[in-house]
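Please consult the sequence and the structure shown below while reading.

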Amino acid sequence: MNIYVGNMSYNVTEEDLRGAFEAFGKVDSVAIIKDKYSGESKGFGFVEMPSTAEGQAAIEGLNGKEFKGRTLTINEARPKAEGSKGGR
């Protein structure tokens with residue numbers, strides 16, 4: 001299950017995020033989206049969990065919770081629209 005994690009503090013690391021989600025089950029991958037020029041976090045990322053049940057538990061357990069000073073927005077990631085380049 002691919003999970004969107006938004007409104008993250010800019011100093012959250014992939015290790016921080018992995019630790020928060022591992023409380024709910026196995027984590028396959030963690031990716032924090034970074035600006036391609038500055039390398040700074042854009043304040044959101046994605047976590048991949050193999051179990052849908054564990055993913056749902058993580059969403060319910062972490063959405064709206066404070067993490068490193070920011071209230072997280074967590075939900076199931078929507079697949080990118082075909083041909084979408086983002087932005088407009």
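## Accessibility and basis of the model

A residue is called buried when its relative accessible area is under 20%, exposed when that area is over 50%, and partly exposed in between. With a relative accessible area of 43%, E22 is therefore partly exposed.

The model is predicted. Across the whole structure, a search finds three salt bridges. Side chains of opposite charge can pair when their charged atoms come close.

## The pair D16 and K68

D16 and K68 form a salt bridge through their side chains, with an N to O distance of 3.6 Å. D16 belongs to helix 1 (residues 14-22), whereas K68 sits in the loop between strand 4 (66-67) and strand 5 (70-71), so this pair ties together parts that are 52 residues apart in sequence.

A salt bridge links R18 with E22, and their closest N and O atoms are 3.9 Å apart. The cut-off for a salt bridge is 4 Å, so this distance qualifies. R18 and E22 both lie in helix 1, four residues apart, which is about one turn of the helix.

R18 is partly exposed, its relative accessibility being 28%.

D28, with a relative accessible area of 42%, is partly exposed.

S41 is found in strand 3, which covers residues 41-48. The relative accessible area of S41 is 13%; this value is under 20%, and S41 therefore counts as buried.

The side chain of S41 reaches the backbone nitrogen of G43 at 2.9 Å. When neighbours within four places in sequence are left aside, S41 is in contact with Y10, I32, I33 and K34.

Technical notes: Residues numbered from 1 in each chain as written. Predicted model: local features only at pLDDT ≥ 70, side-chain atom pairs only at ≥ 80, totals over all residues. Heavy atoms only, no water. Helix = DSSP H or I, 4+ residues; strand = E, 2+ residues; numbered from the N terminus. Buried < 20%, exposed > 50% of the residue type's maximum accessible area, 1.4 Å probe, protein only. Polar contact = N/O pair within 3.5 Å; in protein donor to acceptor, adjacent residues only side chain to side chain. Contact = heavy atoms within 4.5 Å.
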